[in-house]
Amino acid sequence: MMKKIGAVMVVGGGIAGIQASLDLADSGFLVYLLEKLPSIGGTMTQLDKTFPTNDCAMCILAPKLVGAGRHPNIKLVTYTELKKVEGEEGRFSVTLNKRARHVDPDKCTGCGVCAQRCPALAIDEYNVGLSERQAIFIRYPQAVPLVFTIDREKCLGCGICGEVCKAKAIRYDEEDTELKLDVGSIILAPGFEPFNPSALSEYGYGRYPNVVTSLEFERILSATGPYRGTVLRPSDGEMPQKVAFIQCVGSRDERAGNPYCSSVCCMYAIKEAVIAEEHNPGLEPTIFYMDLRAFGKEFEDYYNRAKEEHGVRFIHCRVSHTDEEPDTNDLYVTYVEENEVKREKFDIVVLSVAMKPPTDAGKLADLLGFELNEYGFCRTDLFTSIETTRPGIYVCGAFSSPKDIPDSVAQASGAASRAAKAIASERGSLITSVEYPAEKPISGEVRIGVFICHCGINIGGVVDVPTVVEYAKGLPNVVYAEHNLYTCSQDTQERIKEKVLEHGLNRVVVASCTPRTHEPLFRATLQEAGLNPYLFEMANIRDQCSWVHMHEPEEATEKAEDLVRMAVAKASLIQPLKKPKIDVTPVALVIGGGLSGMTAALEIAEQGYEVHLVEKEKELGGNLLKIRYLLDGSDPKKRLKDLIAKIEGNEKIKVHLGTRVEETQGYVGNFETTLLSEAREEIVRHGVIIIATGGAEYRPTEYLYGIDDNVMTQLELEEKLADGRIKPNNVVMIQCVGSRCEEHPNCSRICCSDAVKNALKIKEVNPEAEVFVLYKDMRTYGFKESYYREAAERGIVFIRYEDDKKPLVTNNGGLKVTVFDPVIKEEIIIEPDIVVLSAGVLPAPDNPRLAGLLKVPLSKDGFFLEAHMKLRPLDFATDGIFLCGLAHGPKPVDECISQACGAAARAVTILSRPTLEMEGTIAHVDEDLCSGCRMCEKICEFGAIEMVESEGKKRSHIIEELCKGCGVCGSTCPSGAITLGGFTDGQIISQVRAGLMEVGR
Amino acid sequence: LRDLAKKAEFDLRRMRFDYVSASNVQRFDKIVIEFIDQVKALGPSPLSGNKPEPNLLLNLRAAKAAAEGFRLRVLAGKEEQLVSKGNVYGERSTLEKFDEVMAEAVDSEYARHRIRLALLEKSMSVLELSEKLDMEPRRILEHLVAMRLLGWVDTQEIRGRSPIYRALEVP
């Protein structure tokens, strides 16, 4: 067999590609992250806020961008396209075409002077055409890599940028180059393309200036967008009063060639409506929709809040067209609501456009030799939802089906696990680890070196940098100061190291830009010079000085001096900090032996680590045991049997049946758990925990359930149908039983598809059968829409009901269902043989006990609550504990598998490392001062504080391995017993004093 | 310059460009006399006296500012190089293509300076600017978006449903 290669190529640098790259690079593989645009980040960089938490998209994405950009094992290959792929699983040879940027990435510092001077303008794609940019540009201000690119189509070749670039980074003679890479696995994450609504002339997009797409509206909402976050009409710059959102533009539409549902538009429209109202108080948003598909975790809650708190109006209808009053550019939306044609005036119309496959999907499929499905997305199947049709090539994100950010992130981790599994034998073979010289002990005199940056003309054009240097030289403890054109450039790093040696410096201060992007770089330089990385302090004299005081150079220079003085005052007191190291027990504990738990256990075991799989029942299988057939026709029984056989045949997996977790102690890398079964008690040691405890079907109390035997749940119907015990002639299905109600406000995600599945099955068993589905919104999202359409075509009748007109089920000598039909506006009466209730998915009853045991939180609904709903869907805030499947929230088979593989990948980022190095900025307790009040213990989000008995008193103790250095405990402690390393009271007070002192000027 | 003056609706008969060699006194003499006669025949300038025509004055000042601006000076200065010698990539631009780029630049620079000068007189909304400058409101908003990025303008307040823009000192 040919030797495999321990590297992976990820195609597409959006959030999915970034997550897959980070997981792989953190578990011992070299990653090439390929992006055709000049910078990574994808569509998420263009979004204003994200649902359902309303987090700023850029703020939560930026740390991942920086993480990917700085990771020693991730090579960003930007502005590059795929040309050829040869080879096979485990060993691919890839040829790429790297387009000429005409800017040397090693020299460019991203200062932006070139763009200020460039006379050639182009449309700004980042702002979707709503503003302009220069021919030399970065896509967005926080771009990674922060390297400018010349747009050759717009560049006049005037040579100005070459003349003004002080870093001498412009390369007019650069040409496209061919690159060759060898990789073991390939992950596809090319994302999606927004649908262009010009083709649908009835909406007037392109003709009427105030008709915009949802992506354009994101930019309009964004503080970094063309209108700085105030919603304005493109036609006249006035603030709109009434904004209409039209759903399903290019989705669920055969004419547009996209019969599928785009899954995300309902939620982003609600979010845009809510945010628009927040940005322009008093704005009146209206959403025109067919089915409101708020099916994700806590989405229904968000939908309800939009209605109740933000006054968003929802109209269930079909929109026929939009027309414009030419004089005012006001718009009229004509729609049909309950068979009545209505017309209403709006200031702006937002089209919620579909997600289409990326434009180069066909080319990718040809080059890589995998298949696309009938819609042009990547073909996958229910049980292999992250594999393409070609072995060794995996897929994640919107390219496998339209999906939102958390589902993309979870699937990306899943793809990382699959990609790693195929080349697990080569883990660690290609990665580089950085070796630093031994740290010099620091003692005696404090010797500070100050390096002040011109940042091209960014700082130097306003602040008189040489004056600040002279000033710094006179400050206490400063033995050396100099200025640099760019302190961050590679040659300056060498210079800093030389100066440390030459002048015996033991503290370094850099006055330049922001620590957000540059602190890690300077800390690494200190380490290379043999200094502890925490002997470093930064003053931000760009963002907080020269940029904001552009017009007051003298005052700006004085403020720069103030900032440097403050940094020096703090630097005089800083001490080296140690990064705690933890040894890792390379064993996983997976709690729950259903589909998700088994999948996660197998993923981890097949990557070479031991697993304890704990199941409370006497057999493996969980809820999958009750599922008898699936929408796509695959056989769940056979799949389950295969999976159990693999688990039982894997010597790395130890299955504990009829067992529950009794107690867990320890922290990431070193847990100790007591497992209890009838027979015995066993203690296992492990490094990570995966929670896959599943969910339970709601036991209805309504609609005569439990009273009449012919009223049953979908699962019960499924069993009877599969066993041939039933052949009904007339069936009524009622949706949202135990979901979307007061007691259980959220949607159970799977019931609409399950109802369609069982309705089609009834038609298969008995083509003459009449089936009625009584629903609130049909939520057959994504490609499942095709089964809904098929059901309607097969004569299954769908009747919509509202909460105030719920169906009535009675039995007086025969089952009778009464329901109000909004189309004919009359009550109708059905006399079915059976009534089937789509009972919701509830959290597992044991969740509260387990959550208490592991000190992890539950959501309001009782499902486990992840660290971050958007970007950390499979993690907990506590390191080393992960979740997947129904434990996280209701979801179908394919999504459980994606999440389970994803949780495995997240776990392997810990298991694959012999030791974990934690941050040095952590809290310390002075035991003599601690009164044992326990306030810190309660407030710590990471479970990093425990109370330990000493001298007969319980005192606070920091578990260093878990501390994130957030500082909350320190500011809470009433006795002043807790200090945060690097931010001690003494250091901060001295910095503040220096800031406030009188300076003789 | 003629392009800009024409845009400013300045009577082109009041303007003359010519080339005269330093030694050719007669020709210089002739041109100046001719031009003086021509201007006299046109009567008093709308800009003369105590009350110069305010719109024309604003237009001319905008034209002057645009002509002095960095972008147009750079483009004009690079014309020779781009058209006859070839650009930094060794490509030669045709005169038509260059003129097209130049015309676009002249258009937008002139429009932006008009907006700026109008805002220096008085802070205004997009619709007010549109009326004063007789420009489509949509274009004005596009220019304001670009001008705000350059630090030329800012929003001062919101009046009713209209953001009011003000001009800033340009560094």
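Chain B and chain A of this predicted model bury about 2,800 Å² between them, 60% of it on carbon and sulfur atoms, where buried area is the accessible area (1.4 Å probe) that two parts lose on being put together, summed over both. The size of an interface is often given in this way, as the accessible area lost when the parts come together. To this contact, which means heavy atoms within 4.5 Å, chain A gives 33 residues and chain B gives 29 residues.

Four salt bridges are counted between chain B and chain A, a salt bridge being a side-chain nitrogen of Lys or Arg within 4 Å of a carboxyl oxygen of Asp or Glu. In one of them Lys78(B) meets Glu163(A), with the closest N and O atoms 2.8 Å apart. There are also 11 residue pairs in polar contact between chain B and chain A, both residues at pLDDT 80 or more; a polar contact is a pair of N or O atoms within 3.5 Å, of which, within protein, one must be able to donate a hydrogen and the other to accept it, and residues adjacent in sequence count only if both atoms are side-chain atoms. On the side of chain B that touches chain A, the elements that give two or more residues are helix H4 (70-85), helix H5 (95-121), helix H6 (126-133), helix H7 (137-149) and strand E2 (162-167) of chain B, helices (H or I, at least four residues) and strands (E, at least two) being DSSP runs numbered from the N terminus. By class, this side of chain B has 18 nonpolar, three polar and eight charged residues, where Ala, Val, Leu, Ile, Met, Phe, Trp, Tyr, Cys and Pro count as nonpolar, Asp, Glu, Lys and Arg as charged, and the others, Gly among them, as polar.

Within chain A, an open sheet of five strands has the order E15-E22-E16-E17-E18, with parallel pairing; two strands pair if DSSP finds at least two bridges between them. Strand E15 (211-213) and strand E18 (313-316) of chain A are the edge strands, each pairing on one side only. Strand E16 (residues 242-249) of chain A pairs with strand E17 (residues 284-289) of chain A in the parallel sense over five bridges, and Val243(A) has Pro285(A) as its bridge partner in E17(A).

An antiparallel arrangement is found in strand E6 (residues 80-88) and strand E7 (residues 91-98) of chain A, which are joined by eight bridges. Glu81(A) has Asn97(A) as its bridge partner in E7(A). E6(A) and E7(A) form a hairpin with two residues between them, and Gly90(A) in the turn has a positive phi of about 95°.

Most residues other than glycine have a negative phi, and most peptide bonds are trans. Arg749(A), however, has a positive phi near 65°, and lies in the loop between strand E39 (730-737) and helix H18 (751-765) of chain A. A cis peptide bond with omega of about -5° joins Phe51(A) and Pro52(A), and Pro52(A) is placed in the loop between strand E3 (49-50) and strand E4 (55-56) of chain A.

Over all chains the structure holds 83 salt bridges, including one between the side chains of Arg252(A) and Glu785(A) (2.8 Å, N to O). Arg252(A) lies in the loop between E16 and helix H6 (265-279) of chain A and Glu785(A) in helix H19 (residues 785-793) of chain A, so the pair ties together parts that are 533 residues apart in sequence.

Residues are numbered from 1 along each chain as its sequence is written, and chains are lettered from A and ligands numbered from 1 in the order in which they are written. Because the model is predicted, local features need pLDDT of at least 70 and side-chain atom pairs count only at pLDDT 80 or more, while totals for chains, interfaces and linings use all residues, and side-chain values use heavy atoms, with hydrogens and water left out.
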